[in-house]
Amino acid sequence: MVAFGKKLKASRIPEWQGYYIDYKFLKKKVNRYAQQLEVGVQGHHDVLKDFSIMLDREIEKIVLFLLQQQGQLASRLSGLGELHHDVLDQPDGLKISEMEEAYRAAGNDLLRLLFFLEMNATGLRKILKKFDKRFGYKFTNYYVKTRSNHPYSQLRQMLKQVGIGAVVGAISHNLADLQNHHGSYVSIYDQPALSHPDPVVYSINAAVNKLSNSTNFLEYLGKHAFILEEDLPTPSEEDIFEQKYHFMSLMLNLVNTFLYMVNTYIIVPTADDYSLTLGAAATVCGVVIGSMAVAQVFSSVYFSAWSNKSYFRPLLFSTVVLLVGNTLYALAYDLNSLPVLLIGRLFCGLGSARAVNRRYITDCVPHKLRMKASAGFVTASALGMACGPALACLFQTDFKIFNLTFNEETLPGWFMAVSWLLYLLWLWMSFREPPHETETQNSLVSPEAIANAGPLVTYAMENGFMEPLLLNSKAKQHEENEEEESDDGGDDSPVKIHKSVTSITLAYRLLTPTVKVQLFVYFMLKYAMEILLAESSVITSHYFIWSTSRVAIFLACLGLTVLPVNIIVGNYISNWFEERQLLLASEIMVCIGILLSFHVLIPYSVPQYVGSALITFVSAEVLEGVNLSLLSRVMSSRLSKGTYNGGLLSTEAGTLARVIADGTITLSGYLGESWLLNATLLPSLFICVTSIVATCFSYNSLY
């Protein structure tokens, strides 16, 4: 990989070269500081002060030039706007075409400015990392905190790209105006979802979206799915995605997600009664529910690896295993066998194909549809979570057919077995296996391939829109080469694309402390949710003598809060607060919900239980979306594909939390049902407080 200093020098826009970050000078200063500290010429405080002043000057130079260029673009667009109205008053095809080209030229200049901003931001991030690495300080955290939180912050101008959105809007709506003039006029402001056909607008929007974090509901849901976005695709790569994409296959993956979530939660209201029927304690329901999660820990890995070669075969295998597992779960009643019940649930866990569902969306859905598909993945999960307990509420019957019992305990198994059988037939008839590419084909991109991709793509590739932005992808620091600038590696060298991770050891090495904290937060919220959901039937039966129907309705109502909460957070709250603020606030609310759930002194009441459960569950849902959104920004891009991808790591963290939570319920059951509630809440409280402390320590790195 070409050293960044050499890349910066080669890719600078000549007429702007005096306004770039002086990366080479700053790098030399870092080395000189090291020598001066060794001989005692300067102290640590003097070094920090001197380096901060130099960085402030560099940022001021960049930001003032950025504002100057924005002003020039604004003046240029203002002049075009005056001509724009004259052209539309007296329509002329040639003049309209000339106006379109003028706006495209302004768009290309804006792309150059975005590239200028990204290269400088990357240079700043790299020099901060080099300083920390050389001296062992946490100077980056201090510098970003003090500069970005100041009311006159110039660093914030770089991070938030203030003013660029207005320029993008002017170019977009004026081009749309000109191109729609010959037909019925539709404003992009009247219909924000209007898909604009002009390639320069697409390139600008793609670059801006990479530089900033959008907060509309669709993107919020997509991040909730934690399907990592890769670098922007070239047109040739989009063609490959178009060839792979098959709408019915995508629907089959989403239905698989829905059915699996239904399968997970449909037994929760009756698991304690089923355990009692088979001669075990009611708290064994923790093992019954958790056995599915235990198997999922292993199945996620082999399904993720299998999806490197095929999507149809793992989905087919998953469906057959789930069909067998649910049949065994239902038969355990007539066989009067707890082991058969547990084996059935283990089979259900071994059939978890969520890793395949995520990989299909990442690998086979075109970039322009990927966020919608990701949102569909989350919606399917949320609906399945609500429908599972709701369906259990409908199975209040008891009859026999051919000596097989059908009642509230066995019908969840029989219902899911039939559902998976129908799904198997649909899968066999409708799924289309997409072509698979080898990783070696994707590891190198030749200069000829870039040259043939078109001028806009060539520009984007040459100008580094594949590089991470300052602090938006801090995890990418692990994969970047920070070696001294060298003279080897010419312009004819192919452009390296980061390969996907091939081992769990390498995946772990790519996890920065910030990513580890966020994975721990994810573990915490899944643990708290699993404790709440899995023990609900035992707790409500002990304290309130609730029937299965009431438990099922309660759980279904909790599940139905998922989408409304995401709509509120995605459309409103996330626009008012930073994600790190929402993260910390949500953790605190989960902690409050757990504290309110404890049974201390006063008699335990339904309002206390329902209210605290609602606070815990809703706060955990908000926390999950924000947490996965932050993970998608701080996790290495090398974890976006391959077997050991970011989605797999988060799934494993969540599944492990569920396993431990279900085990905690069963072990706490030995203390008696009267102690179960407090005994299971204590670990939840401890883990929650620990996650809050860890978040506070890593708070500045989440900017």
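The protein contains 30 helices and four strands, assigned as DSSP runs (helices H or I, at least four residues; strands E, at least two) and numbered from the N terminus. The model is predicted: local features need pLDDT of at least 70, side-chain atom pairs count only at pLDDT 80 or more, and totals for chains, interfaces and linings use all residues. Residues are numbered from 1 along each chain as its sequence is written, and side-chain values use heavy atoms, with hydrogens and water left out.

Of the 703 residues, 56% are buried (under 20% relative accessible area; exposed is over 50%, partly exposed in between; 1.4 Å probe, protein chains only). The protein exposes about 29900 Å², 62% of it from carbon and sulfur atoms (Shrake-Rupley method, 1.4 Å probe). Contacts are heavy atoms within 4.5 Å. Among those between residues at least 6 apart in sequence, 84% join residues at least 24 apart.

Thr-548 belongs to helix α25, which spans residues 548-560. Thr-548 has a relative accessible area of 9% and is therefore buried. Leaving aside residues up to four places away in sequence, Thr-548 touches Pro-269, Thr-270, Asp-273, Gln-396 and Glu-408.

Lys-9, Lys-24, Lys-28 and Arg-32 form a positive surface patch. Patch residues have over 30% relative accessible area and no salt bridge, and like charges are joined within 9 Å. A salt bridge places a side-chain nitrogen of Lys or Arg within 4 Å of a carboxyl oxygen of Asp or Glu. Lys and Arg count as positive, with charges placed at NZ of Lys and CZ of Arg. Helix α2 (residues 23-39) gives the most to the patch, three residues. Lys-9 sits in helix α1 (residues 4-11). Lys-9 is exposed because its relative accessible area is 62%.

Note on methods: Patch = residues over 30% accessible without salt bridge, like charges linked within 9 Å, V, L, I, M, F, W, Y side chains within 5 Å.
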